[in-house]
Amino acid sequence: MRDNITLLRGLEPAATEQEIYAAALNYVRRVGGVSGLSTTTKAAVDKAVATIAAATTQLLAELPDTRVAPTAEPPLRRVGAGDALD
C-alpha cells in the first residue's frame with residue numbers, strides 16, 4: 001500500500017485543498033475497503049475524509065519546509081488528471 005500514498009510535503013507550489021482531499025479520500029477508500037460510495041457508506045466516508053484532510057492540512061502546516069520535493073508528481077498534477085476526482 002505504501003506506493004499508493006501520495007507524498008504532499010515539499011511540493012512547489014504547496015499542496016492544494018483538492019490534492020489533500022484526494023489523498024484523504026484514497027486513504028479512506030483503501031483502509032475502509034470502499035471502492036464506491038453508496039447511501040450506506042457515504043456519510044461515514046465523508047466524515048472520515050474531512051477529518052483526515054483537516055489533520056493532513058495541519059500536519060503539512062506544522063512540519064518544517066526542509067524536505068526535498070517529491071520525485072513524482074501527485075496524481076492531480078499529472079497530465080490528463082483533470083477528472084481524477086470524478
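Biologist: What does the secondary structure of the protein chain come to?
Modeller: There are two helices and zero strands; a helix is a DSSP run of H or I with at least four residues, a strand a run of E with at least two, and both are numbered from the N terminus. This is a predicted model, in which local features need pLDDT of at least 70, side-chain atom pairs count only at pLDDT 80 or more, and totals for chains, interfaces and linings use all residues. Residues are numbered from 1 along each chain as its sequence is written, and side-chain values use heavy atoms, with hydrogens and water left out.

Biologist: What makes the pairing of the Glu19 and Arg77 side chains a polar contact?
Modeller: The term requires a pair of N or O atoms within 3.5 Å; within protein, one must be able to donate a hydrogen and the other to accept it, and residues adjacent in sequence count only if both atoms are side-chain atoms. The Glu19 and Arg77 side chains are joined at 2.5 Å. Contact in general means heavy atoms within 4.5 Å, and, leaving out residues up to four places away in sequence, Glu19 touches Leu8, Leu11, Ala14, Pro74, Leu76 and Arg77.

Biologist: How do you know that Lys47 is buried or exposed?
Modeller: Lys47 is in helix 2, and its relative accessible area is 64%, which means that it is exposed. Its C-alpha atom is 10.0 Å from that of Val28, 19 residues apart along the chain.

Biologist: And Ser38, why is it called buried, exposed or partly exposed?
Modeller: Ser38 sits in the loop between helix 1 and helix 2. At 34% relative accessibility it falls in the middle class and is therefore partly exposed. Its side chain also makes a polar contact of 2.9 Å with the side chain of Thr40.

Biologist: What makes up the largest nonpolar core?
Modeller: A nonpolar core is a set of buried Ala, Val, Leu, Ile, Met, Phe, Trp, Tyr and Cys residues joined through side-chain atoms within 4.5 Å. The largest such set here has eleven residues, including Leu8, Ala15, Val28 and Val49. Helix 1 and helix 2 (42-62) each supply at least two residues of this core, and helix 1 gives the largest share, four. Val28 is in contact with Gly33, Val45, Ala48, Val49 and Ile52, apart from its neighbours within four places in sequence. Ala15, in the segment before helix 1, touches Leu8, Ile20, Leu60 and Arg77, with residues up to four places away not counted.

Biologist: Why are helix 1 and helix 2 described as they are, relative to each other?
Modeller: Axes are lines fitted to C-alpha atoms, for helices over the stretch in contact, and angles run from 0 to 180 degrees between N-to-C directions. The axes of helix 1 and helix 2 come within 8 Å and cross at roughly 125°. Under 35 degrees is roughly parallel, over 145 roughly antiparallel, 65 to 115 roughly perpendicular, and the rest oblique. The two helices are therefore oblique to each other. Among the residues that meet are Ile20, Tyr21 and Leu25 in helix 1, and Val45, Thr56 and Leu60 in helix 2.

Biologist: Which peptide bond is cis?
Modeller: The bond from Glu12 to Pro13 is, with omega near -5°. Pro13 lies in the segment before helix 1.

Note on methods:
Buried < 20%, exposed > 50% of the residue type's maximum accessible area, 1.4 Å probe, protein only.
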